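Here's a quick briefing to read with the model open beside you.

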Amino acid sequence: MTEIPHNIIKAQKVSNLILFSISFASFMVNLDTYIVNISLPSITSSFNTTAGEVSWVALSYNLTVASLLIIFGKLGDKLGLKKVFLSGLSIFTISSLLCGLSPSLHCLIGARFLQGIGASILYAMTPAMVPKYLPENMRGPAFGTLATAAALGIIIGTPLGGLLTGYLSWHWIFYINILPGIAAIIVCNHIIPDDEKSWRKNTETFDFPGSFLSFFASLTFIYGLNMGHELGWTSFTIGGSFFIAVLSIIIFILWEYRTSDPLVELNLFKNSGFTWGNIAGFFASNFLSGHNFLMPFYLTLILKLSPQEAGIIYMVYSAIYMITGPLTGKFSTSENSAMLSTVSMIAGSISTFIFAFFISSKSFTSVIIYFISLGIVYGIFITANNNLVIGMAPEGKHGIVSGIFRMTGRLGMASGVCIFETIFSSGFDTNNYSSISSNFLVNGFYIAYMSGGLIFMLTAICSIIPVLHKNVIKQNEVIK
């Protein structure tokens with residue numbers, strides 16, 4: 001039996017530690033997205049405030065994470081992924097302490113804003129670090145592991161938040177980040193290769209106007225999507241938010257074409273894998289967030305399940321997703337990732353159309369089967385799509401590619417709830433779903449999920465385009 005050289009074993013251990021560290025960061029970001037919501041009633045009572053005011057504890061975090069992704073992606077490329085990643089871990093850990101110590105609601109919202117900055121850095125950096133620091137044969141499995149870690153954060157977040165708040169206090173949903181955060185900083189500083197990039201040299205030409213425009217466009221657009229239902233889609237505030245967002249995007253694009261060192265190199269979008277992979281990711285995130293919004297109403301109002309029972313059903317999806325993601329990673333390569341994405345979305349479309357036809361039967365079995373199918377579909381797609389888009393990054397551009405990719409997904413998530421809620425409730429005169437007859441609700445669910453099947457088909461079309469484009473290039477090369 002041939003003995004494996006010591007240096008290869010050591011390199012494998014280092015790679016595994018790097019993968020664990022970046023997966024842990026992905027886990028922490030999702031954990032803190034979901035751990036807070038269940039504690040909001042306790043925070044409301046603690047500060048003697050209103051539900052509307054305390055909702056900004058969650059909203060400030062989510063807005064900050066989404067709005068800064070592109071900026072931090074670019075900073076990672078200019079300053080070095082390790083430096084920016086470690087700064088994100090530090091900010092996240094310190095702000096978690098500040099959240100737990102907050103003496104007032106305004107202090108807590110401010111600390112959550114700071115925590116969102118750290119989370120945005122981590123969220124932007126983690127996919128970029130896979131091709132940067134891991135060998136090529138590990139990249140597919142690594143993206144599968146990242147998907148699993150993200151799902152684990154979602155699964156654990158809500159129940160852990162409830163336990164900590166119930167047995168200790170809401171402060172502990174933030175304190176729990178501190179020791180793991182410190183440990184992660186120490187480990188990552190030791191094992192991740194050092195960057196050879198100068199802070200001063202690489203910030204002298206940083207695109208600050210483009211960064212401001214990008215942040216402002218993202219912030220106003222996502223704010224409009226998040227608050228449209230509450231303030232009214234035709235209100236001056238929401239209309240103004242979307243107008244400012246569109247204007248900022250136009251100015252941003254014009255500026256990026258003019259500046260010598262743009263925040264986003266628009267030439268990246270000439271790559272069909274990058275462009276269509278991002279668009280496919282947008283639509284896939286769009287459906288998933290819309291489904292996560294609507295399905296609890298179907299489970300509780302139509303199937304008459306308790307919230308606890310509905311939560312258990314969601315765990316079925318997450319468990320299947322966690323199994324499928326790593327398995328897909330073992331088979332996902334840069335060559336077959338677009339095809340894997342396409343096949344998974346076709347399967348998602350078929351299963352969604354079938355589920356839509358069974359909605360009126362009010363079958364518990366059909367729901368379980370559908371959740372299992374979605375776990376498989378998204379376990380395959382997210383891993384393969386990550387591998388496709390991030391694999392398109394030119395050397396030195398992993399950070400900005402990752403930032404754009406994550407931003408696209410967040411925009412899809414933000415818009416998904418709006419679209420599905422609008423489709424579902426288009427035939428109702430009230431938003432109080434419990435007062436609407438079962439037959440009207442079932443019809444609304446049917447229309448929404450038939451629309452979801454079409455979104456899956458659209459995602460499949462976007463996913464197959466890079467494959468077709470590659471074949472066209474090969475044919476043209478043969479002709480030449």
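Which residues does Ser120 touch, not counting residues up to four places away in sequence? The list is Thr64, Val65, Leu68, Leu69 and Phe72. Keep in mind that this is a predicted model. With that said, here's the rundown.

**Overall build**
- Of its 480 residues, 52% are buried.
- Take the contacts between residues at least 6 apart in sequence, and 83% of them join residues at least 24 apart.

**Ser120 and its setting**
- Ser120 sits in helix 7, which covers residues 105-133.
- Ser120 counts as buried because its relative accessibility is 0%, and the cut-off for buried is under 20%.

**Cysteines**
- You'll find zero disulfides in the structure.
- Cys188 has 0% relative accessibility, so it counts as buried.
- Cys462 is buried too, with a relative accessible area of 3%.

**Aromatic pairs**
- A search of the whole structure turns up 20 aromatic pairs.
- One of them is Phe282 with Phe283, an edge-to-face pair at 5.4 Å centre to centre, with 75° between the planes.
- Phe282 counts as partly exposed, because its relative accessibility is 24%.
- Phe287 and Phe456 make a tilted pair, 4.5 Å centre to centre and with 50° between the planes.
- That pair links distant parts of the chain: Phe287 belongs to helix 14 (residues 272-302) and Phe456 to helix 19 (residues 438-479), 169 residues apart.
- Phe287 and Phe456 are both buried.
- Ring pairs also tie Phe287 and Phe456 into a cluster with other rings, including Tyr298, Phe355, Tyr370 and Tyr378.
- Phe420, Phe424, Phe445 and Tyr449 are part of that cluster as well.

**A nonpolar patch on the surface**
- Phe212, Phe216, Phe243, Ile244, Leu247 and Ile251 form a nonpolar patch on the surface, and together they have about 570 Å² of accessible area.
- Helix 12 (208-231) and helix 13 (236-258) each supply at least two of the patch residues.
- Helix 13 gives the largest share, with four residues.
- Leu247 is a helix 13 residue, and its 40% relative accessibility is why it counts as partly exposed.

Definitions and conventions. Residues are numbered from 1 along each chain as its sequence is written. This is a predicted model: local features need pLDDT of at least 70, side-chain atom pairs count only at pLDDT 80 or more; totals for chains, interfaces and linings use all residues. Side-chain values use heavy atoms; hydrogens and water are left out. Patches are made of residues with over 30% relative accessible area and no salt bridge: like charges are joined within 9 Å, nonpolar side chains (Val, Leu, Ile, Met, Phe, Trp, Tyr) within 5 Å. Accessible areas come from the Shrake-Rupley method with a 1.4 Å probe; for residues, only the protein chains shown count as cover. A salt bridge is a side-chain nitrogen of Lys or Arg within 4 Å of a carboxyl oxygen of Asp or Glu. Buried means under 20% relative accessible area, exposed over 50%, partly exposed in between (1.4 Å probe, protein chains only). Contact means heavy atoms within 4.5 Å. A disulfide is a pair of cysteine sulfur atoms within 2.5 Å. Rings of Phe, Tyr and Trp (its six-membered ring) pair if their centres lie within 6.5 Å; planes under 30 degrees apart count as stacked, over 60 as edge-to-face and the rest as tilted.
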